[in-house]
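Please consult the sequence and the structure while reading.

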Amino acid sequence: MKLPSTNAWWYALVAGLAIALVLLAFLQYRSSRQIREATIDQMLASLQGSLMDVRDGLERELSPLCRAFQINEADPHRNIAADYVEDFNEWRGASSHPDLVSGIYFWQRTDSHKSQLFQLDVNHNRLAPTDWPEGFRNLQERLDAMSSELETTLTPASDLRGSRKPVSLAPQSSSWMIDQNIPALVHGIREKKTQGSKETVSLTWLIIRLNPETLGQSIFPEIVQRYFGKQNQSTYAVAIVRKGASPLVFYSSDDRFGVPGEDNADAALNLFGPPVPLLEKSRRGTQPWLALPGVTPPTTQPNRVTIAPSADPGIRPAPFRIDPLHYAAGDWELLARHQSGSVDAAVTALHYRSLAINFGVLLLLTATTVLIIVTSQRARRLAHLQMDFVAGVSHELRTPLTGIVSAAENIADGVVRGEERVTRYGAAILMQAQQLSDLVEQILLFAATEKNGHRYVFQMADVDEVIEAAIRNASPVIRNSGSKVEKEIPADLPQVVVDFKALTHCLQNLITNAIKYGGAAKWVGIRASTANGLNDPQEVRITISDKGMGIEPKDLERIFEPFYRAEGAASAQIHGSGLGLPLAKTMVEAMGGRLTVESVPQKGSAFTIHLPIKSQQEALDSLSAAPS
Ligand code: ADP
């Protein structure tokens, strides 16, 4: 059975990791969306709950007033005016908003044709006849219609037989109603009278006019603050408005919210009557008491009673239920909107933020994985190259060593006789030893540059002098190979700021390579010139060319990597360590220059050192800044 190669394992691992990451990203996105939806639903539901609390809060605020005027038991001695004034004063003494009531009226219908409106004069304990105030017209018509209807349906009740006293009337299902236009609380009272054998039922309507300023400026803000927190710290803007034909903002915790015509609330609830969510999105909430679209809202609610509260002082009295009188002008609505524009916007922003963080983490994970893979690949390649290097260097060391050993053996065995032969052997040993020393030097230099441990000594140098020094150093190799060196160096070349020794070493390396890989042509071209370099500054270029084997395009990018040797060079049995070019590149770059190559396989190569030309001042600056 053939085992998969290490590379196949690697590719499988990388593919697996990539798939896992994509899957993770997808799951992350999906679950984050689900969390977003659930959060929006939950926030809207809890917002509806808070709006319900505000409704309850308002009913609790108005309940003491209703309780003060509620008549539960027939009282034979009741003097309506005096008793109501007493009840009213009692309420006023206990209330934190005594200015809530701006007028108390009684509208009496002795029969269907005769009626009179009275105003309670609290200072004189009497009921004074008065005209209908402005704005009461709708209410008057409504009460008139209700009275006619009720009178025809009312028959004396058995429990009230013989009584002459008024009893609270419960028109429809509630005994208290609110006219949201005036605004005013309305309460029906019926009175049965016996005239001889004839029993008549008279209706009296109690109208308590409320002060809209007190509601808007004191009561609403207090209740809203109780359930939504302080105005400037609340997550939601809350408003109480009247919609419809004559819109009005009673209260808004944010000036820009609740403005007529702008329908940007997250939740809306009617303030009186059975609660009905007024917005599409409010229906997302799953409150069991909320009416569903198309379903008639419940007319009674649990924990609410229409009778007077328990007399037990230990139990907090339940609020009175107050039913709305609907008009075309519109009912009061309670609106709330998230401070960020909407619950949707707030949660979406949070959702995107958390998505960004999550994807950031995933990206980091991906980057780390890629880095680990790349690093380990590089480490593997480096290990491979190092093995090649060890093999190559051993080979490089063995060749001159073999020469030295055999020459020394010949001298020791006395095979070499005569002064001239001994001198030749000596010279051969010297050359081989020199080669060895150069190689060791190269390896040490490479190690030093890799650790940034090489110290450069910068100076102003003439280019032709550096080239001459490099040729001089390479002269044994040039001579032995029988190569011809052709120079083309203009006389007026500017000086360059370089480390003379380092640049000489680089050039020597390139000349040696040109001879090593120059093939049968045995020709080395050295050309210097000035030109515009990258981003246009002037530079000196020194090009070393040969007409040898050239470099394959696939090797061109890699020949500057440490220990890398092109396949052609190795198979042609040309010795080398793969350190010369990386060393030259590092050194040239340390001197502010670049090393480039152009090559055509089987035609030859040209390596160019680009050195920036510095102005006098720049040169002085770089000399003084350079480490000595
Ligand atoms: P070495 O010559 O010791 O192998 P270098 O770092 O000097 O190491 O060169 C790296 C590789 O670049 C060489 O092995 C060779 O394949 C290629 N190379 C360098 N110079 C030339 C050149 N003038 N012509 C063709 N190939 C070259």
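A backbone N or O atom of Ser577 lies 2.8 Å from an oxygen atom of the ligand, a polar contact in the sense of a pair of N or O atoms within 3.5 Å. The protein covers 98% of the 530 Å² of accessible area that the ligand has on its own; such areas come from the Shrake-Rupley method with a 1.4 Å probe. The model is predicted: local features need pLDDT of at least 70 and side-chain atom pairs pLDDT 80 or more, whereas totals for chains, interfaces and linings use all residues. Residues are numbered from 1 along each chain as its sequence is written, and side-chain values use heavy atoms, without hydrogens and water.

| Protein atom | Distance to a ligand oxygen atom |
|---|---|
| Tyr517, polar side-chain atom | 2.6 Å |
| Ala566, polar backbone atom | 3.1 Å |

Around the ligand there are 20 residues, each with a heavy atom within 4 Å of it. Asn513, Tyr517, Arg565, Ser577 and Leu581 come nearest. By class, the shell holds 10 nonpolar, seven polar and three charged residues. At least two shell residues come from each of α8 (500-516), α11 (580-590) and β19 (604-612), and α11 gives the most, with three.

Leu23 belongs to helix α1 (residues 6-69). Leu23 is exposed, with a relative accessible area of 51%, since exposed means over 50%.

Key:
A polar contact is a pair of N or O atoms within 3.5 Å; within protein, one must be able to donate a hydrogen and the other to accept it, and residues adjacent in sequence count only if both atoms are side-chain atoms. Helices (H or I, at least four residues) and strands (E, at least two) are DSSP runs, numbered from the N terminus. Ala, Val, Leu, Ile, Met, Phe, Trp, Tyr, Cys and Pro count as nonpolar, Asp, Glu, Lys and Arg as charged, and the others, Gly among them, as polar. Buried means under 20% relative accessible area, exposed over 50%, partly exposed in between (1.4 Å probe, protein chains only).
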